[in-house]
Amino acid sequence: MKVLFHSLRMTTLTTALMVISTLSLAQQKELDTLKNRFDYYRINFPQEKVYAHLSQNVYLTGETVWFKIYYVDGVLHRPLNTSKVAYIEILDRENRAVAHAKVSLKDGEGNGAIFLPASITSGNYTVRAYTQWMKNFSPEFFFHKTITIINSFRKLESEKVTVSKRFQAQFFPEGGELVYDLKSKVAFQVTNSEGIGIKFSGQILNASNDTIAAISPLKFGIGNFTFTPKSGDTYRAVLTDSSGYTQTVQLPVPKSNGYVMEVKDSTAELVSIRVSSTSPLTESPFLYYIVHARQSISSIGMRVLGPRNTIITVPKKDLGEGISHITIFDSNLHPLCERLYFKRSEKTLKINAKADQSEYGMRRKVTLDISTDGQTNDETRLSVAVIRADSLQGGLEGDIFNYLWLTSDLKGEIESPGYYAGTNGVEADLALDNLMLTHGWRRFNWDDVVGEEKKKPSFIPEYRGHLIHGTVSDANGNPASGVATYLSTPGKNIRLYTARSREKGDVLYEVKDFYGLRKIIVQTNTTQDSTSKIQIHSPFSDTFAKRRVAELTLLPNIANSLLERSVAMQVQDIYYGDEAVPPKITSIDSTSFYSKASETYYLDDYTRFTVMEEVMREYVPGVMVRKRKDGFHFLVLDNVRKTLFQENPLVLLDGVPVFDIDKIMAFDPLRIKKLEVVTNRYFL
């Protein structure tokens, strides 16, 4: 009996070890799946960021908005050389573009200018900038900046704005949701109609009108409170602003079952993440977590959910600088809760500027000595804007440092971002954490990241040049596939691009050296297809971020400054004119797409004929003219095989394909300067 009992005990132990081992292998497999899918998304959907340094905040119509674009990767914030084109728009309050431009990018930067026509009315406008690749993600992550444009030739008309509420209040449970009988921290943000945080006082009441908590903001209308919702109860906030106006706002309805998380600094070196649930997980006791800063994983792992909660600790030294996303998943890799955490950047860069004089006379040369110091060994790229500091211009807020580390990774508008990134102390740290509490579930759609179906991008980066998109449809308006199309830009620099329409009629042309105002002609081979229609799409994004732009209010004390600016603007336009616009691009390759022609004929070197047929027969021996029942044909000599090509060549007139040879023969030869012939087979 003793031996049998011992044997049975060993068998039970072995079985238990096998079960635990099998469970561990299964959970490790899920953890590997989470990491691999995240890495796949990170590699195939890299993040880009664009920052536009504008010359000033306030402009007059007739002036020029000068800007420099900084284009960096979204992880290390280093200059990128992937996309070669950036898009910048000036939008009114209805998201209608009043002006826009495409900007060439090279080695992570580009610059340009937008002239403000007199047709623009006075008001506050939004400048936004992005690349084609950034259109694969939410427009909330485009660069945005509010500017003021004043039309000094028109009387300012008051905008009719209907305000239904004196202020707006939002509540954000930590982790994403409230759950009955689980203690939760709730952040709140109260703003006026223009999105500016206000001072207020308030109480959190339950259904029985009992006061659960008294609340007031810490900074910019943002704060937090902690409470435990009781089963079946509902909660509301009664808020009163400084004018005495009172408003009631319902809190999110708690769930009967779910998860909450609490993130805090447990020590100076550790961040503690507590995940709680109303009941243990039924299918699997395992939870998975991932912590990443701008898609760079800081920590990933799994935990067993205990009777009610589990605690995860992450060393602060492992966290990336800036905003970290902390996300919890169940055993099926469904996200349960998420929280943002901010780690201040230790990188600093101080820019010193010193003028050679303290005062200058009119039209005197100003020499600036600019130097940098800080924790960087990289080459520093700078842009300088010289503006008049007056009551019209106001304060210049926001810089690239605050944008890259904070604003660019958050949706919505951040009031006074410089305070969060540039202020130290206990209150600033609490305010920064409150800001993180009001965001979450924002950067990614986790179904796209960890879902089994691999997402494909809708837009590709313009990594060699500008991409022109279009759609080909048949005579009935249905998408037409397999149609050969041609895009050309008439002019001295001959460019020709071809594309065959895909299944949904899509065509794509990758153009080169496409600068300035250019005309394009898109067509099919009219001798083979004369019914298809081609529509060229705008490259500018048609989706917009939700932004609240304040109504323009001009104070009487700016009248003199406005008059002086208006006179200066008109004088500059009169005396400088086109010299004030950006310089023309001079480094354009003037070689035609087919390189050097085999034969070139300048018709002014010969006796001029008035009929094109005579010109071709007399002066162009490399091309034989034949007239048949269906009209004229060109037979080009094949110098390689010493024979004639039997099909018509591709004929271009100023770079535009002409498929009907009869039209070429009917053209006035006195208007033709040069003829070029390629006497060998060319693959386009």
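The entries below start with how the model was read and then go through its parts.

I noted that this is a predicted model, in which local features need pLDDT of at least 70, side-chain atom pairs count only at pLDDT 80 or more, and totals for chains, interfaces and linings use all residues. Residues are numbered from 1 along each chain as its sequence is written, and side-chain values use heavy atoms, with hydrogens and water left out.

**Sheet.** I took helices (H or I, at least four residues) and strands (E, at least two) as DSSP runs, numbered from the N terminus. I found 5 strands in an open sheet with mixed pairing, in the order β2-β8-β7-β4-β5. The edge strands, β2 (58-60) and β5 (97-104), each pair on one side only. Two strands pair if DSSP finds at least two bridges between them. I looked up β4 (residues 85-91) and β7 (residues 123-130): they run antiparallel and are joined by 5 bridges. Glu89 has Arg128 in β7 as its bridge partner.

**Helix α7.** Which residues of helix α7 (residues 612-619) are buried? I listed Met612, Val615, Met616 and Tyr619; buried means under 20% relative accessible area, with a 1.4 Å probe and protein chains only. They lie on the same side of α7, because they cover an arc of only 105° around the axis, the arc being that of the directions from the helix axis to the C-beta atoms. Among what covers them are β31 (599-602) and α8 (661-665).

**Helix α4.** I also noted the buried residues of α4, including Ala428, Leu432 and Asn434. Their cover includes β9 (168-173) and α3 (417-422).

Definitions and conventions: Buried means under 20% relative accessible area, exposed over 50%, partly exposed in between (1.4 Å probe, protein chains only). Contact means heavy atoms within 4.5 Å.
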